[in-house]
Amino acid sequence: MTQPVSYELNDGIATVTIHNGKANALGHEVFEGLNEALDRAEQDRAVVILAGQPGIFSGGYDLKEMQKGPKEAAALVTVGSRFTRRLAAFPLPVIAACGGHAIAKGAFILLSVDYRIGVEGPFKLGLNEVAIGMTMHHAGIEIARHRLAPAHFYRAVVNAEIYDPQGAVVAGFLDEVVAPEALMVRARERAAQLRALNLRAHRETKLKAKADYLALLDRCIEQDAEHLGLNG
């Protein structure tokens, strides 16, 4: 069976690709593969390009796993929050190559990396939790607050507004939009630019700039776990 996450290393750039069904759903196996890929990137001292499939970056958590029961859903959310926290503090630059839709947890991943490139087209990006009857968790609120433009934070989180790619740049989900055929070329170009930085200074500045946010995120993940009954 094909693994849902692949890893390819070229010239100090690691391309990590999620390929898990038409929605690129995020379940335990995918997060395990993503964490293993980040482990390898750290060992290789590689800048990371995190990509999905053409037309879909990710539609969010795997609904088959979320629907197993409240405990199972809560456990998956906790794993997902810890993964985005790892992305936020990753010691090497991470670029998201978003080739299409990015909804819910897919959009939270965009909010957690260093640079985000999307593609032109009729794609939807945003946080649909409130629209589908989910109260936003504490970690999700703070991830969004940290990266979204202030004028769009309420619209995206509380009103569950969904954006097209150009609107996603204005809101803060993306940094730039290119033609679909240019996505990976541009991602590799941006990765090479970031690789040319002093990576020690990049790592230390990232951690210094995000110190309060990361501490807050740790508290939120713990608070969410307690609220969902995973502690004790």
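**Exercise 1. Find the volume of the largest pocket and the helices that line it.**

*Step 1.* The largest pocket has a volume of about 840 Å³. A pocket here is an open set of points on a 1 Å grid over the protein atoms alone, where a 1.4 Å probe fits, with protein on both sides within 12 Å along at least five of seven lines. Grid points are joined across faces, edges and corners, and the volume is the space filled by probe spheres set on the points.

*Step 2.* Keep in mind that this is a predicted model, in which local features need pLDDT of at least 70 and side-chain atom pairs count only at pLDDT 80 or more, while totals for chains, interfaces and linings use all residues. Residues are numbered from 1 along each chain as its sequence is written, and side-chain values use heavy atoms, with hydrogens and water left out.

*Step 3.* At least two lining residues come from each of α1, α2 (63-66), α3, α4, α5 (138-147) and α10 (211-227). Helices (H or I, at least four residues) and strands (E, at least two) are DSSP runs, numbered from the N terminus.

**Exercise 2. Work out why the buried residues of α1 line one face of the helix.**

*Step 1.* Helix α1 covers residues 28-44 and reaches 24 Å from its first C-alpha to its last, close to the 24 Å expected. The expected span is 1.5 Å times one less than the number of residues.

*Step 2.* Val 30, Phe 31, Gly 33, Leu 34, Ala 37, Leu 38 and Ala 41 are buried in α1. Buried means under 20% relative accessible area, exposed over 50%, and partly exposed in between (1.4 Å probe, protein chains only).

*Step 3.* Seen down the axis of α1, these buried residues fall within an arc of 160 degrees, so they line one face of the helix. The arc is that of the directions from the helix axis to the C-beta atoms.

*Step 4.* Among the elements that cover the buried residues of α1 are β1 (5-10), β2 (13-18) and α3 (70-88).

*Step 5.* After α1 comes Arg 45, in the loop between α1 and β3. Phi of Arg 45 is positive, near 55 degrees, in a residue other than glycine.

**Exercise 3. Trace the strand order of the open sheet, then visit a hairpin.**

*Step 1.* Four strands form the open sheet in the order β4-β6-β8-β9, with mixed pairing. Two strands pair if DSSP finds at least two bridges between them.

*Step 2.* The edge strands, β4 (55-58) and β9 (162-163), each pair on one side only.

*Step 3.* β8 (residues 125-126) and β9 run antiparallel and are joined by two bridges; Gly 126 stands opposite Ile 162.

*Step 4.* β1 and β2 also run antiparallel, with six bridges, and Ser 6 has Thr 17 as its bridge partner. Two residues lie between the strands of this hairpin, where Asp 11 takes a positive phi near 55 degrees.

Notes. Contact means heavy atoms within 4.5 Å. On a 1 Å grid over the protein atoms alone, a cavity is a set of points where a 1.4 Å probe fits but cannot get out, and a pocket is an open set with protein on both sides within 12 Å along at least five of seven lines; lining residues have an atom within 4 Å of a point.
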